[in-house]
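The following paragraphs lead the reader through selected features of one protein model. Please keep the sequence and the structure in view while reading.

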Amino acid sequence: MPVANDLGVTSAALVRLRGPACGQPARPSPPTWQHGRVTAATHSPLFPRVPDTADAVLEGLDPEQREVATSLHGPVCVLAGAGTGKTRAITHRIAYGARAGILQPSSVLAVTFTNRAAGEMRGRLRQLGAQGVQARTFHSAALRQLQYFWPKAIGGSLPRLVDRKIQLVADAAAACRLRLDRGELRDATAEIEWSKVTQTVPADYALAAARAGREAPRDPAEIAQLYAAYEDLKRDRAVIDFEDVLLLTVAVLQDRHDIAEQVRAQYQHFVVDEYQDVSPLQQRLLELWLGDRDDLCVVGDASQTIYSFTGATPDHLLDFRTRHPGATVVKLVRDYRSTPQVVHLANGLLSQARGRAADHRLELVSQRDPGPEPVYTEYTDEPAEAEGAARRIRDLLAAGVPAAEIAVLFRTNAQSETYEQALADLGVPYQLRGAERFFDRPEVRKAGVALRGAARFGRNDTLLEDTVDLPSQVRAVLSGEGWTPQPPAGSGAVRERWESLAALVGLAQDFEAARPGATLADLVAELDERASAQHAPTVQGVTLASLHSAKGLEWDVVFLVGVAEGMMPITYARTDEQIEEERRLLYVGVTRARQRLHVSWALSRSPGGRPSRRPSRFLDGLRPGSGTGATRGGGAAGGIERGFGTIGAGAAAVPRRAQRTPARCRVCGRTLTDAGEMKLMRCEGCPSDMDEGVYERLREWRALQARRNGQPAFCVFTDKTLMAIAEAVPDEAGELARIPGVGVRKLNRYGADVLAICAGQLLEDDEEADWRGDDANSSKK
């Protein structure tokens, strides 16, 4: 069926991301559990041997990853922290099912959010011997189906797809007699895209935008008018955009049950990566693909939700267990990417977070050897910050760190130019994220043609007369395309072309090392397969990227620059939800680093400017000399939950570096393992000395707090915590803080009221009273 054919569709509206760069050597991992060494989750050897059997596919997986790989029936939800090997787990899951004969490869559809990520998934599946599995983006899968079924469902041929809608938006603005500058035009285009993925029609835009807290670039009524004109213009010109691809596919599957059944007959098992980023429209499409079946595996991390401005929401991930009560839930928290020092900072960032995503955060546990502490640097101005980073990068290169293993990450693309100049001044090669895909670059296409011609003529090609092995043959051929043993001086287009050709030379060397005796024809075949999968080799050069475009990538050394108030969080982030997304964005940046992390900020924008800036509030309590930040209780530990039961959940599921002192009953001394008993610090059956009056007053106070906050009562304190407080009746903050379930954040917010209740003081319970637990001066009688 043609639905299974591959596509090379790229959406300008989607942010590209990729996994570990191809071409990196395998890195040894420390022993992490009782059965010996576990293969690093985010690195694999170049050109690995295809596993001989289905069981061989499971080799090297840790217990939680193995559970993902072998849970092949029913709904499965994988909550995977940064660096925990989620792509590894799901590709091994698909490969194991296919190799074991449980899954038919052609019936599996794996979807993610970029062509790059889909290409990496196809490349990994190929290395595992699982050819035939369809791995694509939501858009490419939907477009292929739409192209195939359009004549049957609608008649005629599918309207032309426009790659970039901004010119259409500009024409629509002119038709509405709206004058938009370049920035407003870009922002208006984003508003139209958001409206479509949230299934909002023009007439409802103003109300929907207000409810979502969006700040429109112009009056909402004008944006609604522009949106309607844009849709009319598309119809007049018989074109569709990328959002229409999803909307039209949903419409066809909803209206034509025969077509929906044909698609469901083709695809019977679904895997969705980066599930925290799905939009309502993508979720609806997924539901139509599934029908009444539940063979679905979703993977995501609510703490990496950073694309809400595009309509993405983590609610589908967080509500998965509600929609599928019998689902298997696996939590991956073993971090194979970053050192304990980097992981500690990442966990610290999220420990101060608030909101629903924060309530479901995963606390990572590093599996790597210790490394250096993060370096924090303050500069007088932004040019000095860029020059300082460039000097440190030059020193790292001199010490032997590959340029491709270093990244400079910033909040906005506008910050890039300063760092480009600073690196160029020191002769440091760099590459910008966001350029065209590797195999689409003109120099790479020409190099492929030259290599294919040389492979066809073999030794009859005069270029190959003096070559002795595959790498020397590639160097000889590519020398005619502009490759030289030494890189050209300076930066710019010439250097970028050389870097592309050098990446092909490096790939040939790796290919020869992995497969001695390989021919030029073998390499050309490998390049063709990689081009089809968009599985690019590593380009040498320091990476400059925005934090959004860095999602899914990793480097040995990361420079997080511009981490100051006004930039992180960005000035226009005003609501609590927007601030928390900025915190998650910084968390994503921190977790890109494997070994070394440099964090910096500037006190002023330009030399001689007033030093009015301060470091980001997100670093309070985390960087040296910034005091103690308010933190939440611990995040979720790794483990496996089947249906309504739990297996291996809790601290024991992931070995810690230091054993905690076991909790014991304060009455009989027995070791406690139940979470509720640990909160009470006594066995459920041991006698209680709880003060009933204090307990009832605490319950009444909690009910009022919950109403004030608009949340369930247990979000204030659970019943067990209230019982523990009523049993201990603390008279000072230190005693209250030691009660499990309180923690620093709740102590700061509610401590004054709780201690007042324990002391027998009366609190105002009038509905008009100000009951804010974070106000130490709240009035009391």
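A residue is called buried when its relative accessible area is under 20%, exposed when it is over 50%, and partly exposed in between, with a 1.4 Å probe and protein chains only. Helices (H or I, at least four residues) and strands (E, at least two) are DSSP runs, numbered from the N terminus. The model is a predicted one, in which local features need pLDDT of at least 70 and side-chain atom pairs count only at pLDDT 80 or more, while totals for chains, interfaces and linings use all residues. Residues are numbered from 1 along each chain as its sequence is written, and side-chain values use heavy atoms, with hydrogens and water left out.

Helix 23 covers residues 576-590. How is this helix placed relative to the rest of the structure? Twelve of its 15 residues are buried, so helix 23 is largely enclosed by the rest of the structure. Among the buried residues are Ile579, Leu585, Leu586, Tyr587 and Val588, and also Glu580, Glu581, Glu582, Arg583 and Arg584. The buried residues pack, by contact (heavy atoms within 4.5 Å), against helix 15 (340-351), helix 16 (356-359), strand 14 (406-410), strand 17 (555-560) and strand 18 (593-604). From first to last C-alpha, helix 23 reaches 21 Å, close to the 21 Å expected at 1.5 Å a residue; the expected span is 1.5 Å times one less than the number of residues. In the loop between strand 17 and helix 23 lies Pro569, and the peptide bond from Met568 to Pro569 is cis, with omega near 5°.

At the start of helix 17, a side-chain oxygen of Asp381 comes to within 2.8 Å of the backbone nitrogen of Ala384. After helix 17 comes Gly400, with a positive phi near 105°.

Attention now turns to a pair of helices. Helix 10 (residues 242-255) and helix 12 pack at about 35°, with axes 10 Å apart; axes are lines fitted to C-alpha atoms over the stretch in contact, and angles run from 0 to 180 degrees between N-to-C directions. Helix 10 contributes residues including Leu246, Val250 and Leu253, and helix 12 contributes residues including Leu281, Leu285 and Trp289.

The loop between strand 8 (269-272) and helix 12 (280-290) holds Gln276. Is Gln276 buried or exposed? With a relative accessible area of 1%, Gln276 is buried. Its side chain forms a polar contact of 3.4 Å with the side chain of Asp277; such a contact is a pair of N or O atoms within 3.5 Å, one able to donate a hydrogen and the other to accept it, and residues adjacent in sequence count only if both atoms are side-chain atoms. A polar atom of the Gln276 side chain also lies 3.0 Å from the backbone nitrogen of Asp301.

Two further loops each hold a residue other than glycine with positive phi. Arg177, in the loop between helix 6 (166-175) and helix 7 (182-197), has phi near 60° and counts as exposed at 77% relative accessibility. Gln199 lies in the loop between helix 7 and helix 8 (205-212); its phi is near 60°, and it is partly exposed, with a relative accessible area of 43%.
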